[in-house]
Amino acid sequence: MITAPQPSLSTRVNPFAPDPNLQVWQDGELIPVTEAKVSVFDHGLLYGDGVFEGIRIYNGKIFKEAEHIERIYESAKCIALEIPMTPEQMRVAMRQAMEANNIVDGYIRLLVTRGVGLLGIAIQKAACPSVIVIAASIELYPAEVYERGLNCITAGTLRNHPQTVSPRVKSLNYLNNILAKLEATNAGADEAILFNPNGYATEGTGDNLFIYKKGVLHTPPVSCGILDGITREIVMELATKRGIEVRESLLIRHDIYVADEVFLTGTAAEIVPVVSLDKRLIKDGKPGPITKQLTEDFIAYRSN
Ligand code: PXG
């Protein structure tokens with residue numbers, strides 16, 4: 001059989017290729033993104049062995065910098081990964097990446113990988129962890145999503161059991177979340193809510209979950225198997241300041257169906273309303289007043 005010549009993989013045009021002018025910080029130096037290379041022997045690539053953070057820059061300031069740095073050191077500690085720099089050096093690296101690209105409002109992706117090693121999963125086979133800082137613009141939900149709210153599904157894919165890799169570790173393996181997001185896309189929905197192996201709600205694919213019912217704001221406890229979200233913490237504080245009772249509660253799917261309001265929180269999305277789950281409308285299927293109020297409070301908080 002005669003087959004048509006195949007185009008070379010190396011000459012394909014990637015529509016998502018980064019801006020070639022972007023400078024990235026890699027292991028101590030700023031380099032053009034076109035020159036930044038990750039080895040095929042990096043355990044971050046070979047095994048997903050590494051941790052990351054996603055951080056916002058608002059008006060030239062790194063938002064909740066200390067909290068994100070603390071969390072990446074905790075994630076690293078949990079996987080016995082020694083970050084080869086101090087928190088202060090990490091702050092400097094983030095600032096350098098931000099300034100080199102003149103980012104005033106944007107996003108920082110901070111990652112630490114196990115580094116180049118031998119083939120083999122033992123951490124002793126990789127001795128030089130690698131640190132990368134990317135400061136760039138961020139892809140957000142379009143404004144109309146905040147107006148209309150998200151349509152969600154219950155994911156068949158479960159959130160990682162807390163006795164596997166703890167969901168508190170922001171690890172380089174997001175496949176559970178990726179598969180849950182794919183389920184949502186395949187169902188024509190925007191987002192998926194993941195449950196834990198005991199049937200309790202945990203969070204969205206990259207955002208924490210809140211429901212409001214009869215004057216009380218509920219969010220699953222960290223012990224349910226969620227990322228201990230920095231935005232979640234801020235929203236709990238803002239709600240308390242408004243005089244709203246906040247509880248960490250075990251929630252089942254039913255609780256979400258019959259909630260007065262539902263929303264998600266995260267670094268990228270900030271606060272985004274949820275208006276349906278599995279095609280059951282949350283109340284009248286429109287973003288609710290508490291969600292709107294907390295969104296205003298959050299925007300005021302992060303703008304200060
Ligand atoms: N749950 C999960 C699983 C997350 O990954 C959150 C909750 C919210 O946490 P914070 O601390 O951000 O409020 C996250 C955060 C990205 C991206 O590029 C993902 C996150 C944050 C920023 C960017 O997909 N996830």
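This is a predicted model: local features need pLDDT of at least 70, side-chain atom pairs count only at pLDDT 80 or more; totals for chains, interfaces and linings use all residues.
Me: Why is the contact between Arg114 and Asp49 called a salt bridge?

Reply: The side chains of Arg114 and Asp49 come to 2.8 Å, N to O, and because the cut-off for a side-chain nitrogen of Lys or Arg and a carboxyl oxygen of Asp or Glu is 4 Å, the pair qualifies as a salt bridge. A search of the whole structure gives 18 salt bridges.

Me: What makes Glu144 and Arg148 a pair about one helical turn apart?

Reply: Glu144 and Arg148 are both in helix H4 (residues 143-148) and are 4 residues apart, which is why about one helical turn separates them. In general, an α-helix has 3.6 residues a turn, so residues three or four places apart point the same way. The side chains of Glu144 and Arg148 meet in a salt bridge at 3.1 Å, N to O.

Me: Why are Glu144 and Arg148 called partly exposed?

Reply: The term covers what lies between the buried limit of under 20% and the exposed limit of over 50%. Glu144 has a relative accessibility of 43%, so Glu144 counts as partly exposed, and Arg148, with a relative accessible area of 34%, is therefore partly exposed as well.

Me: How do you know that Glu191 and Lys181 form a salt bridge, and which parts of the chain does the pair tie together?

Reply: Their side chains meet at 3.4 Å, N to O, and because the limit is 4 Å, the contact counts as a salt bridge. Glu191 belongs to strand S8 (residues 191-195) and Lys181 to helix H5 (residues 175-186), so the pair ties together parts that are 10 residues apart in sequence. Glu191 is buried because its relative accessible area is 0%, while Lys181, with a relative accessible area of 27%, is partly exposed.

Me: What makes His218 buried, and which residues does His218 touch?

Reply: His218 has a relative accessible area of 12%, and because buried means under 20%, His218 is classed as buried. His218 has its place in strand S11 (residues 216-219), and, not counting residues up to four places away in sequence, it touches Leu209, Phe210, Ile211, Lys213, Arg247, Ser249 and Leu251. With Ser249, His218 makes a side-chain to side-chain polar contact of 2.6 Å, a value within the 3.5 Å cut-off for such contacts.

Me: How do you know that the span of helix H2 agrees with what it should be?

Reply: At 1.5 Å a residue, the 14 residues of H2 (residues 65-78) should span 20 Å, and because the end C-alpha atoms are 20 Å apart, the two values agree.

Me: Why are the buried residues of H2 said to line one face of the helix?

Reply: The buried residues of H2 are Glu65, His68, Ile69, Arg71, Ile72, Ser75 and Ala76. Seen down the axis of H2, these buried residues fall within an arc of 160°, so they line one face of the helix. They pack against S3, strand S4 (61-62), helix H3 (87-100), S5 and helix H6 (230-241), whereas Lys77 and Cys78, on the other side of H2, are exposed. Glu65 is also linked with Glu88, Arg91 and Arg95 in a network of salt bridges.

Me: What makes S2 and S4 the edge strands of the open sheet?

Reply: The open sheet has 6 strands in the order S2-S1-S6-S5-S3-S4, with antiparallel pairing, and strand S2 (29-32) and S4 are its edge strands, since each pairs on one side only. Within this order, S6 pairs with strand S1 (residues 23-26) over 2 bridges in the antiparallel sense, Gln26 having Ile132 as its bridge partner in S6. S5 and S6 pair over 9 bridges, also antiparallel, and Val112 stands opposite Val131 in S6.

Me: Why is strand S6 called mostly covered?

Reply: Of the 11 residues of S6 (residues 126-136), 8 are buried, and that count is the basis for calling the strand mostly covered.

Definitions and conventions:
Residues are numbered from 1 along each chain as its sequence is written. Side-chain values use heavy atoms; hydrogens and water are left out. Buried means under 20% relative accessible area, exposed over 50%, partly exposed in between (1.4 Å probe, protein chains only). A polar contact is a pair of N or O atoms within 3.5 Å; within protein, one must be able to donate a hydrogen and the other to accept it, and residues adjacent in sequence count only if both atoms are side-chain atoms. Contact means heavy atoms within 4.5 Å. Two strands pair if DSSP finds at least two bridges between them. The expected span of a helix is 1.5 Å times one less than its number of residues. The arc is that of the directions from the helix axis to the C-beta atoms.
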